[in-house]
Amino acid sequence: SKTFYSKQTSSKTRLVDKDGRCNIEFGNIKYRNHLGYVVDFWTTFVEVRWRYVLLMFVASFIGSWFVFSLLWYWIAQSNGDLMGQNRADGHVRCVDNMDGLTTAFLYSLETQTTIGYGGRSLIGVFINCFICGVILAKISLPKKRAKTVTFSDTAVICLNKESLCLLIRVANLRKTLLIGSQIYGKLVRTTTTADGDTVILDQVDIDFVVDAGKDNLFFVCPMTLYHAIDRSSPFYELSANSLPQQDFELVVFLDGTAESTSSSCQVRTSYVPQEIQWGHSFLPIISRTKTGKYRVDFSNFSKSVRVTTPHCARCFEKDPDLTGCNAEDDQQEKSGIDNLGFQVIDIHDSVDVTKM
């Protein structure tokens, strides 16, 4: 019988969450450095949370109306225009029909929200334009496009094209392409130098490729990325037994330009050792219907099955036929389904699929 594996979680604190957010705190920052957020106020407003944008929107208008209401109230009181004030004969009013601060506030609101005039109207127009610009910029942020690009929940290690490889899946959930897509990875870990110095967050480059190369990918359907575990790979010394005991984080990046907006975006995720399955292979998800259309079954996007895999990279170099590998691995039989060249696989209509 087949054993399927899907999402696994880890309680380890990550540098990068699965959704791409970075977990890092800044401490002991000098006070004058905080002024940089004020100087670059536009970026600060665009990156602030929506709740604060709405609060700023309401507070700016109410504050503007209230400031001008105080001004009108002071003018009316100084000139004796308020109801109940003693007026001399022949008194000329500056403001009519104002009997208190409430009517002054309503008068200030009307001058800014109707046709308006003078500086009062200009302030209202400026606030309105600024807030609308912030909202439009937040809506069109490139990271929103990144929400429609997803990585598999787990990575797998298995044989691929006669090489031991680490495989990851990535999918574009929109029909519009990401132009000039580039995929790369960083292995983040704590290392100790020859001098005995500890380097926290030491980064090592991890190269990922697909069948079509590594740059300018035709990202129209889900792709499987693979990293060859050879002597130049930082995973070369690992084995099926030692992998779960390791302490590292594999961060994967995808950079591209949205076809519809021409804005650059970056998608990222991370994998800890407990999310890398040694001796597994992803299930096929791309098939062709009888009518000739390509279909993607996302229910199997992160699922994998056990396959025959060397116990370590050294084992594979010494015995490519796997005759001398770990006994447990010798007993594994491939239970996955080869889907070479998009072979035809019938998908029932009841299965939740996405048409391409």
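I worked on a predicted model, taking local features at pLDDT of at least 70 and side-chain atom pairs only at pLDDT 80 or more, while totals for chains, interfaces and linings use all residues. Residues are numbered from 1 along each chain as its sequence is written, and side-chain values use heavy atoms, with hydrogens and water left out.

**Entry 1, helix H4.** I took helices (H or I, at least four residues) and strands (E, at least two) as DSSP runs, numbered from the N terminus. Helix H4 covers residues 101-113, 13 residues in total. From first C-alpha to last, H4 reaches 18 Å, close to the 18 Å expected at 1.5 Å a residue. The expected span is 1.5 Å times one less than the number of residues.
Which residues of H4 are buried? I found Ala-104, Ser-108, Thr-111 and Gln-112. They cover an arc of only 95 degrees around the axis, so they sit on the same side of H4. The arc is that of the directions from the helix axis to the C-beta atoms. Buried means under 20% relative accessible area, exposed over 50%, and partly exposed in between (1.4 Å probe, protein chains only).

I searched the whole structure and got seven aromatic pairs. Rings of Phe, Tyr and Trp (its six-membered ring) pair if their centres lie within 6.5 Å; planes under 30 degrees apart are stacked, over 60 edge-to-face, the rest tilted.
I looked at Phe-61 and Trp-65 in this set. Their ring centres are 5.8 Å apart and their planes stand at 45 degrees, so the pair is tilted. Both residues lie in helix H3, four residues apart, about one turn of the helix. Phe-61 and Trp-65 are both buried.
Next I took Phe-235 and Phe-248. This pair is edge-to-face, with 5.8 Å centre to centre and 65 degrees between the planes. Phe-235 lies in the loop between strand S6 (223-228) and strand S7 (248-258), and Phe-248 in strand S7, so the pair ties together parts 13 residues apart in sequence. Phe-235 is buried at 3% relative accessible area, and Phe-248 is buried at 5%.
Ring pairs also link Phe-57, Phe-61, Trp-65 and Phe-105 into a cluster.

I required a side-chain nitrogen of Lys or Arg within 4 Å of a carboxyl oxygen of Asp or Glu. The count is five.
Arg-14 and Glu-275 meet at 2.3 Å, N to O. Arg-14 lies in the segment before helix H1 (31-39) and Glu-275 in the loop between strand S8 (264-271) and strand S9 (276-278), so the bridge ties together parts 261 residues apart in sequence. Arg-14 is buried at 10% relative accessibility, and Glu-275 is buried at 2%.
Arg-314 and Glu-237 form a salt bridge at 2.9 Å, N to O. It links distant parts of the chain: Arg-314 is in helix H7 (residues 313-318) and Glu-237 in the loop between S6 and S7, 77 residues apart. Arg-314 is partly exposed at 37%; Glu-237 is exposed at 54%.
Shared partners join Arg-14, Lys-18 and Glu-275 into one salt-bridge network.

Phe-57, Val-58 and Ile-62 make a nonpolar surface patch of about 230 Å². Patches take residues with over 30% relative accessible area and no salt bridge; like charges are joined within 9 Å, nonpolar side chains (Val, Leu, Ile, Met, Phe, Trp, Tyr) within 5 Å. Ile-62 sits in helix H3 (residues 50-79) and is partly exposed at 41%.

Technical notes
Accessible areas come from the Shrake-Rupley method with a 1.4 Å probe; for residues, only the protein chains shown count as cover.
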